[in-house]
Amino acid sequence: MTGRDRGVAALLSLTLMALAIATALPPSPRGTTAAAGQSRSAGPTQTSAPVPAIYREGAIGSPSSINPLTTRTQADRDLAALVFSGLVALGPDGGYRPDLASGWSVSASGASWTFTIRSDARWQDGAPVTADDVVFTVGILKDPTYTGPLGESWRGVTATAVDARTVRFDLGTPIGGFLQAATVGLLPAHLLRGVRVASLADSAFSQRPIGSGPFALVSWTSQQATLTRTTVGEPATPAPTIGPAPSPATSAPATSAPTTSAPTSAQAGQLPSGIAFSFYADVTSLETAYRAGLLDAASGLPPQAARELASTAGSHLLTYPGSTLSAIVLNLRPGAAGPLGDVRVRHALLAAIDRATLIGAVLGGAATRADSPIPPSSWAFNAKASAPVTFDRSAAARGLRAAGWKRTAAGWLSPGARKPASVELVAPAATGNPTALAIANAVAGDWRSLGLQVTVRSLPPAEFVVDRLRKGVFTAAAIEVIIGLDPDLYPLFASSQVVGGGSNLSGIQDVALDHLLTAARAPGTLPVRERAYAALQARLATQQYLLPIAFNDELVVVSDRLSGPVVREVGDPSDRFWDVLTWRLADGH
């Protein structure tokens, strides 16, 4: 197993942990916490001519470490997405566009990627962005003392500064989705050299960040943050969007700018000169502020609350398809699978789950049924290869009988068993991830309706991930996994990812699947990769190694005063700012 493989696997494992504790408010930074109302000033910025239009957003939670490599909260990620830039950025229709890079080229093997940095790329203190900054950022990600969730995915990547404006990445394992990794926000070497990696999250820089993005942080507290627009992150010439899978040995256009256009009548208004965030500890406070007209948008609300707030006059709901998969993973390790080793049993268990009702009752309708581990909003999804398993309790019972199970008054007997089958379904505790636990309870209810004996056991996040999932001490588990915008399922299913802290939680060993996983992640033209993903999805559909439930949507309530946001698939809620430079506020706002 290469370092790259271990890296991506560890990233998904860390994602499980992060999602399991996502609902808990984080501790404040040690020794650098500003009290509510005590403002922190950011570094110097370049400002545009004053425009009396400020976009105002309310969110649940509060900032902690405003640094793309050390974010702890959603507020951190939102602010970092606006202050920092990567070599490339998200574009429309699932594609990518040049950002700090003016273009790139890919070797024929896909193992080497070379990026050229824009000549006008600047940090917000006026210093030029150079290849040294890229190498420095990757060095932090690869540092053994870096503990963030992005680190392991860069272990097998070597970054080399060819010259001041050219950087080359050499990949231990060629990955077709490397552009997704290249969106990571860069850090300024001239400001951070000498800062210990272990201290970076709570450093002065992470409290008063200086990035290269389109907005600079002026000040922030636990209750608010103010950003001002800066021309630093705005190239002069527009750049086209590049598709999700550029061909090897080809280059991206050598221009780089967010795609902008003159406002249509529906977009008439002013470009915001700044952004003001207000942070709230509870849903009621955020709803009250929005209804009072103090905000242009509200994010981080539960689905039902978001839908109700969007019914406010002059408001509407933006629904961003997400790439976070809610699923039931089964323990299929040799010697542990037992009756679950029969694919007919796995299909029966999925057919017994009423996912439509679950999505409505548990997820507030803010999700899409998952028929594959790949989101239906993804360029890689193939509907024909991912035939849906519809809810049919009678068909589920027939499937169990076909597999040799017998129904008794006490429950179902698997082949050769003397006692009814009993399933323990583990999930993170409600204090860690209430959604995953609610899904587990709903699935358990459906399986009980089929006649199975099911017990739900909720566990603290560490015990759930480390002691149960990673060690294979479970029968079934409710999980959430970020699949990503360029889905790489290798860490989740490859035989090599069972050991060494890998993310093959089911422990499945399937040589035929391994070949399909390798082909799907390999570089290639878009048609070639689409065919590879179709073959992979067909295999997964027939074997049903994982029971997919749903992909959660990201919901944002916005005022009709705001125009410009275009919905696309997102990997994190902060991805909604991908087109922020095209947003407009109605005149007189």
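A: A residue is called buried when its relative accessible area is under 20%, exposed when it is over 50%, and partly exposed in between, with a 1.4 Å probe and protein chains only. This is a predicted model, in which local features need pLDDT of at least 70 and side-chain atom pairs count only at pLDDT 80 or more, while totals for chains, interfaces and linings use all residues. Residues are numbered from 1 along each chain as its sequence is written, and side-chain values use heavy atoms, with hydrogens and water left out.

A salt bridge here is a side-chain nitrogen of Lys or Arg within 4 Å of a carboxyl oxygen of Asp or Glu. Side chains of opposite charge can pair when their charged atoms come close. Searching the whole structure gives 18 salt bridges. Helices (H or I, at least four residues) and strands (E, at least two) are DSSP runs numbered from the N terminus.

One of the salt bridges joins Arg576 to Glu57, with 2.3 Å between the closest N and O atoms. Arg576 is in the loop between strand 21 (562–563) and strand 22 (584–585), and Glu57 is in strand 2 (residues 54–60), so the pair links distant parts of the chain, 519 residues apart. Arg576 counts as buried because its relative accessibility is 4%. Glu57 is buried as well, at 0%.

The loop between strand 21 and strand 22 also holds Asp572, whose side chain meets that of Arg77 in a salt bridge of 3.0 Å, N to O. Arg77 belongs to helix 2 (residues 74–83), and this pair again links distant parts of the chain, 495 residues apart. The Asp572 side of the pair is buried, at 17% relative accessibility, whereas Arg77 is partly exposed, at 28%.

A further salt bridge is formed by Arg539 and Asp510, the closest N and O atoms being 2.9 Å apart. Arg539 lies in helix 16 (residues 526–543) and Asp510 in the loop between helix 14 (490–493) and helix 15 (511–521), so parts that are 29 residues apart in sequence are tied together by the pair. Arg539 is partly exposed because its relative accessibility is 26%; Asp510, at 6%, is buried. Elsewhere, salt bridges with shared partners join Arg56, Asp296 and Arg561 into one network.

Charge also meets an aromatic ring. Arg521 lies over the face of Tyr490, 4.2 Å from the ring centre. The criterion is NZ of Lys or CZ of Arg within 6 Å of the ring centre and within 35 degrees of the ring normal.

For contrast, consider contacts between rings. Rings of Phe, Tyr and Trp (its six-membered ring) pair if their centres lie within 6.5 Å, planes under 30 degrees apart counting as stacked, over 60 as edge-to-face and the rest as tilted. The whole structure has twelve aromatic pairs. Among them, Trp154 and Phe178 are edge-to-face, at 5.9 Å centre to centre and 70 degrees between the planes. Trp154 lies in the loop between helix 3 and strand 7, and Phe178 in helix 4 (residues 178–181), so this pair ties together parts that are 24 residues apart in sequence. Trp154 is buried at 4% relative accessibility, and Phe178 is buried at 0%.
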